[in-house]
Amino acid sequence: MEKLLLLLGFIVVKLILGTQANEYLDFNVTEIDRIEELEFGFSKYICLDGTLPGYHLHRGHGTGANSWLIQLEGGGWCNNVRTCVYRKKTRRGSSNYMEKQLQFTGILSDKAQENPDFFNWNRVKLRYCDGASFSGDGQNQAAQLQFRGERIWRAAIDDLKAKGMRYANQALLSGCSAGGLAAILRCDEFRNLFPGSTKVKCLSDAGLFLDTADVSGGRTIRTLYNGVVEFQNVKNNLPRICTNHLDPTSCFFPQNLISQMKTPLFIVNAAYDTWQIQSSIAPTSADPSGFWHDCRLNHEKCTPAQVRFLQGFRDQMLRVVRGFSMSRQNGLFVNSCFAHCQTERQDTWFADDSPVIKKKAVAIAVGDWYFDRAEVKLVDCPYPCDKSCHNLVFR
């Protein structure tokens, strides 16, 4: 019986809520439409705290009935006992704290006017509760921590295949932030789930985390990633095409993966990614004097010297994608905004005032690339040229 449970993975468990698994609650639909319920798995595929993982699913229809879009949720990482124990008391480490219903917007929207190319696909949001971009496999018994991200990924995929994804004629694996990194890590594996006749591509939004120095000359993000890879036992679940010649931590950085991938990949990234500015380039740990404090929270308060430093970061990002973008199968949308994650938010995905490059919004760029309507390699001019940006300002 145990073997059967492990094989089935993400069997749906009925929720306390009174509606069926794939229906939506009929609120005022002009304000809240398509609220997707959380479906749970069980057995040994568990979150950091041992609770059940889950996903939200909205069924496709019409021409999209056999098309599948999988969105991997993001939300940072944990790299030691302290950060993982803290995380397991949040929705990033326990389904006890997850919203049981979720509104689908942006690339997950079911409205043609908001999501012209994917609105009627089967759309899935896989919740993130492992802290290692769906890649860890281990445990820390003393701290009562479970690192089962890789198993959560496999169990979810098995369950979705049983729900009809195995018959897909089109599929897109996407993700934002830590989920965008996961989409890169899992992309070729996702392609191999389907027969050659199935059109399969991947999309990484704000997942291009750079192995770069911080403002003190230190390696804040490399230290973080090294902790994640070691503490959560990620190394055995990284693409072999990379680990055959680089150390595991280097293979957790997309820049060492993207040019070797076989599956078509589209990268959406802000050239001045706000998460990387705040947590990788100019974290408080690297800025004890507080020189970067105001700039970190509001780009308009950056000094000319700080802007030059950030332009160097943009230049590094463009060097990283240069070889990748030479492949005709790949796509690129790098805008000069201070933003993070632009495909899940309606205002940055597809709205009247969405950010554009050469008059093309993110949704149109991704759609043109996915459906081979055009080759899409869009790179914005440097800040402050783009007036269409939805820049994030923090308080």
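## A network of charges

E73, R91, R92, E99 and R127 are joined in a network of salt bridges. A salt bridge here is a side-chain nitrogen of Lys or Arg within 4 Å of a carboxyl oxygen of Asp or Glu. The model is predicted: local features need pLDDT of at least 70, side-chain atom pairs count only at pLDDT 80 or more, and totals for chains, interfaces and linings use all residues. Residues are numbered from 1 along each chain as its sequence is written, and side-chain values use heavy atoms, with hydrogens and water left out.

## Salt bridges one by one

The count comes to 24 salt bridges. One of them joins the side chains of R91 and E73, at 3.5 Å from N to O. R91 lies in the loop between helix 2 (81-87) and strand 4 (101-103), and E73 in the loop between strand 3 (67-72) and helix 2, so the pair ties together parts 18 residues apart in sequence. Helices (H or I, at least four residues) and strands (E, at least two) are DSSP runs, numbered from the N terminus. E73 is buried, at 6% relative accessible area, while R91 is partly exposed at 31%. Buried means under 20% relative accessible area, exposed over 50%, and partly exposed in between (1.4 Å probe, protein chains only).

D137 and R148 form another salt bridge, 2.9 Å from N to O. D137 is in the loop between strand 5 (122-126) and strand 6 (138-140); R148 is in the loop between strand 7 (145-147) and helix 3 (149-162). R148 is buried, at 10% relative accessibility. R373 pairs with D368, their closest N and O atoms 2.8 Å apart. D368 is buried at 11%. R373 is partly exposed at 45%.

## Aromatic pairs

There are 23 aromatic pairs. Rings of Phe, Tyr and Trp (its six-membered ring) pair if their centres lie within 6.5 Å; planes under 30 degrees apart count as stacked, over 60 as edge-to-face and the rest as tilted. The rings of W153 and F190 have centres 6.4 Å apart and planes at 55°, so this pair is tilted. W153 sits in helix 3 and F190 in helix 4 (residues 178-191), 37 residues apart. W153 is buried at 1%, and F190 is buried at 0%.

Ring pairs also link W77, F209, Y225, F252, F253 and W275 into a cluster.

## Charges over rings

A charge sits over a ring if NZ of Lys or CZ of Arg is within 6 Å of the ring centre and within 35 degrees of the ring normal. K199 has its charged end over the ring of Y370, 5.6 Å from the centre. K201 lies over the face of W369, 4.8 Å from the ring centre.
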